[in-house]
Amino acid sequence: MALIITETQDAIGTIVMNHTARRNALSEALIGEITLALDAFREQSMRAVVLRAPAGAKVWSAGHDVGELPTGGRDPLGWSDPLRVLIRAIQEYPAPVLALIEGGVWGGACELAMACDILVATPEATFAITPAKLGVPYNLGGLLTVLNMIPLPVAKEMLFTAQPIPVAQALNLGVVNYVRPADQIETFVYALAAQMVANSPLSISVMKEELRLLSSARSITPDLFERIQGLRRVVYDSHDYHEGITAFSEKRKPRFLGR
Ligand code: YXS
């Protein structure tokens with residue numbers, strides 16, 4: 001069963017995440033279909049991509065598929081983790097990717113939305129960054145995506161509370177470009193995409209890549225890298241990480257012991 005619906009029109013490719021039974025949890029299978037669609041759009045020289053859930057969705061995406069997170073002893077968000085692969089695919093796609101957001105955006109799906117170039121959401125949309133709720137040590141690249149989008153105090157609030165923020169706050173912060181009612185958002189997003197499609201694709205793709213390189217340019221020493229890897233290993237090897245994952249699968253609140 002296809003987990004996405006794709007269409008192309010006027011040099012705009014559309015990907016509808018359509019695994020609604022699992023609230024578009026970003027499983028390896030769903031991510032595989034999305035990345036294949038992006039490859040096809042690149043082949044077809046699509047000059048803009050719209051990433052969305054079905055119209056009227058209450059959940060845009062429930063984030064990383066928790067059932068696919070390792071239960072301990074292995075970095076849950078390593079370089080080749082499907083979510084990391086998807087984030088890079090979006091950031092490296094050589095044209096604007098517009099997130100059309102309806103419903104709740106959870107966990108790693110917040111980073112997916114923030115990896116897009118333009119975010120347009122309905123008034124009901126919410127954003128919750130949830131590693132702390134599961135005991136997950138988010139990875140450096142993921143935190144950089146967040147930090148490039150959200151002022152530090154708000155990023156810390158979202159990361160430490162794991163609670164959703166309303167789209168009005170996201171708009172005030174500049175995380176979201178526009179808020180439009182559900183009955184107008186589709187027309188608005190495709191008109192915005194059409195404006196970009198009418199411009200020079202070469203100029204836009206080069207500027208998108210320049211901005212990606214500039215926003216990820218950070219000096220990090222081997223010592224610093226190894227210290228961070230060690231800190232994260234303590235977390236994903238901990239009782240609390242295993243408890244967070246287990247509690248989710250058992251549909252109960254986790255009991256974190258701080259070890
Ligand atoms: O019980 P069944 O088998 O029907 O499955 C249920 C849910 O278990 C499943 N599902 C998920 N499965 C794997 N991973 C997920 N992230 C996930 N989310 C949902 O989908 C079926 C329907 O879910 P249900 O009944 O809860 O739907 P609902 O409409 O009542 O509630 C929708 C949500 C999104 C509010 C609720 O499903 C929810 O809170 N999901 C978890 C959101 C979340 O905490 N995501 C973070 C995932 S971890 C992640 O992204 C990163 C690793 S991190 O944590 O670092 O950010």
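Which side chain has an N or O atom 3.4 Å from a nitrogen atom of the ligand? I found R22 at that distance.

I noted the ground rules next. The model is predicted, so I kept to its limits: local features need pLDDT of at least 70, side-chain atom pairs count only at pLDDT 80 or more, and totals for chains, interfaces and linings use all residues. Residues are numbered from 1 along each chain as its sequence is written, and side-chain values use heavy atoms, with hydrogens and water left out.

**Ligand site**

I looked at the backbone as well. A polar backbone atom of A62 is 2.8 Å from a nitrogen atom of the ligand. For V66, a polar backbone atom is 2.9 Å from a ligand nitrogen. On its own the ligand has 1,000 Å² of accessible area, and the protein covers 72% of that. I used Shrake-Rupley areas with a 1.4 Å probe; for residues, only the protein chains shown count as cover.

I then listed the shell, taking a residue as near if one of its heavy atoms lies within 4 Å of the molecule. There are 21 residues around the ligand, and R23, A62, H64, G108 and K251 come nearest. Helix α4 (residues 131-134) gives the most to this shell, with 3 residues.

**Cysteines**

I searched for disulfides, meaning pairs of cysteine sulfur atoms within 2.5 Å. The count is 0. C110 is in no disulfide; its nearest cysteine sulfur, that of C116, is 12 Å away. C116 is likewise in no disulfide, with the sulfur of C110 nearest at 12 Å. I call a residue buried under 20% relative accessible area, exposed over 50%, and partly exposed in between (1.4 Å probe, protein chains only). C110 is buried at 1% relative accessibility. C116 is buried at 4%.

**Backbone angles**

I checked phi last. Most residues other than glycine have a negative phi. A11 is not a glycine, yet its phi is positive, about 65 degrees. I placed A11 in the loop between β1 (4-9) and β2 (12-17). A11 is partly exposed, with a relative accessible area of 25%.

Where is A162? A162 lies in the loop between α6 (152-161) and β9 (165-166). A162 also has a positive phi, about 60 degrees, although it is not a glycine. A162 is buried, at 5% relative accessible area.

How values were computed
A polar contact is a pair of N or O atoms within 3.5 Å; within protein, one must be able to donate a hydrogen and the other to accept it, and residues adjacent in sequence count only if both atoms are side-chain atoms. Helices (H or I, at least four residues) and strands (E, at least two) are DSSP runs, numbered from the N terminus.
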